[in-house]
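Visitor: I am new to this structure and would like to learn how to read its salt bridges. Could you show me the model and walk me through some of them?

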Amino acid sequence: MNVALVNTNRMQPPVAPIGLDYVAEALAAAGHSVTLLDLFWEDKPEPAIRRFFRKADVGLVGMTLRNTDDCTFSSRESFLQGFVGMVGAVRESTGAPVVVGGVGFSVMPECILDRAGTDFGVWGDGEFVLPALARRLEQQQPCHDLPNLIWRRDGKWLRNPPYRGSLSELPPMSRTWVDNRRYVRYGGQAGFETKRGCSGRCIYCADPVAKGGSVRVRPPGVVADELERLTGQGIDALHVCDGEFNIPPAHALAVCESLIARGLGERVRWYAYATVHPFPQELAHACRQAGCVGINFGVDSGSARMLAALRRGYAPAHIRQTVEHCRAAG
């Protein structure tokens with residue numbers, strides 16, 4: 001089937017749509033034809049959508065919603081109205097079924113589907129279900145039993161149980177579907193994943209809701225392969241898209257060792273999110289040798305009482321210890 005993927009994220013600073021890059025790879029590996037419309041680069045998204053579909057004959061449209069709002073207290077801008085307008089332009093331009101996914105969507109899928117009026121939603125991983133959905137639609141077979149799918153029956157949205165498959169099942173990522181070099185030239189960063197999901201219990205975080213409450217890791221060698229492909233395209237500034245890079249710490253260390261063994265620590269600069277504890281001295285040094293130049297630990301408070309209330313899983317002493325480890329590692 002011919003499948004169109006649409007990036008609707010227009011938020012500054014620029015963030016390359018890693019989810020669409022991965023989903024496009026999975027679709028192509030399953031034998032589907034993929035075209036990608038990246039609306040970040042368009043001044044006016046809705047006319048761009050109409051121009052795109054005048055030339056594209058597709059059987060399925062996948063649209064990603066990365067953020068529902070700008071996460072900024074001073075502006076509090078919602079992206080839902082603009083997203084609904086983009087969905088409407090797609091609806092006007094093609095009769096193909098429309099499916100919505102993405103991290104922002106997966107936090108509150110039924111609410112967004114009610115507003116957008118699409119045919120399907122995919123909450124959580126898209127790489128496993130999108131190829132199957134395209135195949136079922138192409139063969140005119142029932143698709144309502146597919147995992148991760150959200151579909152409507154009798155005026156209500158039904159959410160199928162998720163498939164939390166091993167990430168080793170994903171195809172090798174060529175990272176050629178999205179113009180990552182353009183994002184880097186524009187001041188953004190390309191992303192990569194070493195795992196999905198988070199076992200943390202922080203009371204405010206949406207990551208376990210969108211990606212699952214258990215951690216699924218990618219093979220360290222596969223991560224290194226992906227970074228080699230990105231550096232081969234001239235991309236040397238990267239951000240780890242994991243919820244917490246150092247959970248579990250043994251896997252984070254194995255990823256770093258794989259990057260060091262390939263000589264990538266001398267060729268890339270990467271940044272990560274990590275939790276304060278556990279972050280041993282050995283991991284701090286390995287991160288630095290592997291090319292890490294910045295870590296956002298998200299230290300919410302220096303108060304033990306507040307950290308406990310937020311269920312952060314660490315104490316003020318851990319903050320001091322981890323800062324010392326990172327300073328010692330340079």
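Guide: Gladly! A salt bridge is a side-chain nitrogen of Lys or Arg within 4 Å of a carboxyl oxygen of Asp or Glu. Side chains of opposite charge can pair when their charged atoms come close. This is a predicted model, where local features need pLDDT of at least 70, side-chain atom pairs count only at pLDDT 80 or more, and totals for chains, interfaces and linings use all residues. Residues are numbered from 1 along each chain as its sequence is written, and side-chain values use heavy atoms, leaving out hydrogens and water.

Visitor: How many salt bridges does the structure hold?

Guide: There are 19 salt bridges. In one of them, R196 meets E193 at 2.7 Å, N to O.

Visitor: Are R196 and E193 buried or exposed?

Guide: Buried means under 20% relative accessible area, exposed over 50%, and partly exposed in between (1.4 Å probe, protein chains only). R196 is buried at 6%, and E193 is buried at 7%.

Visitor: Which parts of the chain does the pair of D236 and R269 tie together?

Guide: Their side chains form a salt bridge at 3.5 Å, N to O. D236 lies in the loop between α9 and β11 (237-240) and R269 in strand β12, so the pair ties together parts 33 residues apart in sequence. Helices (H or I, at least four residues) and strands (E, at least two) are DSSP runs, numbered from the N terminus. D236 is partly exposed at 31%, and R269 is partly exposed at 38%.

Visitor: Which residues do shared partners join into one network?

Guide: Salt bridges with shared partners join D125, E127, E193, R196 and R216.
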